[in-house]
Amino acid sequence: MKVAPLTWLLPLLLCYQLALLLQCSGTTETENLYRLIKSRRSANPPRSELWDELGGRDGNASPLYIGPQDGLMQDDKIESLPGQPQGVNFDQYAGYVTVDPKAGRALFYYFVESPEDSSTKPLVLWLNGGPGCSSLGYGAMEELGPFRVNPDGKTLFRNEYAWNNVSNVIFLESPAGVGFSYSNTSSDYANVGDKRTAEDSYTFLINWLERFPQYKTRDFFITGESYAGHYVPQLAYTILSNNNKTNQIAINLKGIAIGNAWIDDNTSLKGIYDYIWTHALSSDESYAGIQKYCDFTTGKFSTKCVNYTYQAEGEIGEIDIYNIYAPLCHSSGPTSRSVGSVNDFDPCSDYYVESYLNLAEVQKALHARNTKWAACSRVGWTDRPTTILPTIKQLMASGISVWIYSGDTDGRVPVTSSRYSINTFKLPVKTAWRPWYYNKEVGGYVVEYKGVVFATVRGAGHLVPSYQPGRALTMIASFLQGTLPPPS
């Protein structure tokens, strides 16, 4: 085998990793991420220009669509979700926002206001990654939303650490083809990528703010995880690029926060192998071989490099690589077990959520079309940059708040990957590395650089709010307040 560039090797390495652990089934958020990288091996890989070269909305883009929104906010209000607990004290909404009437393309959202002082609290948009995975199924129902699904797949219980305690939160299923979002043009599902996802999400926001005009001037933050390491910075860039146009709403973007985020191919891949070795998941022999034969700076790999990465992955065994210390799910669907607990994340939650969101009465309550809902969809992906670091650098220069956070037990997009990515900026330190605290225990660690804050969440996997909900809420509250997490 000849020495190959990183864009060729990544699919081989990453699909092999998933084949060992998850059969490359494409059914979860991170599986879809690695399926995308695997696609670079195909005859028609995604375009990999830098985001600036792909461009946001420009003179060649179709005019921004703004549709009539009068009365739609009240139409979208949810009276009650089936199986929700008693005492729900906040308003919730769900429905569709058309982003392209000609194609018949519409994005589905779920919105929860804060139980207290919703009129003054900031507006937060949450995006899950994949690409092609649902912010409703993961973000709202398993992570930071106000409810979790019980093991019966029919009823809900409250998440006392929901992020709508400190903000008003939109969960957006994007792009079309994900979850309940749809297009009447079938080619839209095969021809989507980073560029159109950002454009459609921006169009969604402009129209959503017309539907909910009381939020037009509200402080706005974008958050997300995994491949949202692309979505979030790209949408933020698109917003800032369009805010100067006099005939459009200027969105009051204040900051972004991305968790366990895939933001650079080279540093992320290096971080994986360093993490699994330092956490006793692979041998000294395979690690030494990777260090000797794999060039993560230039992205050139020899046959020996590939063989050692195979060896390292084979040594991991059957664990949940997205939380290396978590138990596995040994069920295949909902059960008759007792109610769930927000403090003890159930590894079978995916099954419960899928069952719940496919109930006819739930889809009716959500104002969703009759849909076979799935957590992740196999949408095609036509473009993506191999690195998002230049875009993040532009956002830092714009003056908005930029946070990168990492659950420290995730082995798939690990804390080492995030640190290596940030280190490429060579930024001066403003506030030295220190522990931060939640409930009189170390919640994680934080360091403030000039332009970006990096925070870890101790004991959290890839889905940070799922595994450490209290710590995650403390961290995100600090982000929204413009302060570092508490030092004691």
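In this predicted model, strand β2 pairs with strand β7 (residues 182–183) in the antiparallel sense, over two bridges. Within this pairing, A106 stands opposite Y182 of β7. Strand β2 also pairs with strand β6 (residues 168–173), again in the antiparallel sense, through five bridges; here L172 of β6 is the bridge partner of Y109. A further antiparallel arrangement involves strand β1 (residues 92–100), which is joined to β2 by eight bridges. Strands β1 and β2 form a hairpin in which four residues lie between them, and G104 in the turn has a positive phi of about 70 degrees.

Strand β2 itself, spanning residues 105–112, is mostly covered, with eight of its eight residues buried. Cover extends to both faces of the strand: R105, L107, Y109 and F111 are buried on one side, and A106, F108, Y110 and V112 on the other.

In helix α14 (residues 389–398), the buried residues are L389, T391, I392, L395 and M396. Viewed down the axis of α14, these residues fall within an arc of 160 degrees and therefore line one face of the helix. An α-helix has 3.6 residues a turn, so residues three or four places apart point the same way. On the other side of α14, K393 and A397 are exposed. The helix is followed by G399, which has a positive phi near 100 degrees.

In helix α15 (residues 415–423), V415, T416, S417, S418, S421 and I422 are buried. The buried residues of α15 pack against α14, and also against helix α9 (265–278) and strands β12 (401–407), β14 (441–449) and β15 (453–457).

A search of the whole structure identified two cavities of 30 Å³ or more. The largest has a volume of about 50 Å³ and is lined by L123, L205, W208, L209, Y215, K216, R218, F220, I251 and N252. By class, its lining comprises seven nonpolar, one polar and two charged residues. Helix α7 (residues 194–211) gives the most to this lining, with three residues.

The second largest cavity holds about 30 Å³ of space. Its lining consists of L127, S174, T197, A198, S201, Y231 and L235. The elements giving two or more residues to this lining are α7 and α8 (228–242), with the largest share, three residues, coming from α7. The lining of the second largest cavity has four nonpolar, three polar and no charged residues.

Technical notes: Residues numbered from 1 in each chain as written. Predicted model: local features only at pLDDT ≥ 70, side-chain atom pairs only at ≥ 80, totals over all residues. Heavy atoms only, no water. Buried < 20%, exposed > 50% of the residue type's maximum accessible area, 1.4 Å probe, protein only. Pairing = 2+ DSSP bridges. Contact = heavy atoms within 4.5 Å. Arc of directions from axis to C-beta. 1 Å grid on protein atoms, 1.4 Å probe; cavity = no way out; pocket = protein on both sides within 12 Å on 5 of 7 lines; lining within 4 Å. Points joined across faces, edges and corners; volume = space filled by probe spheres on them. Nonpolar A, V, L, I, M, F, W, Y, C, P; charged D, E, K, R; others polar.
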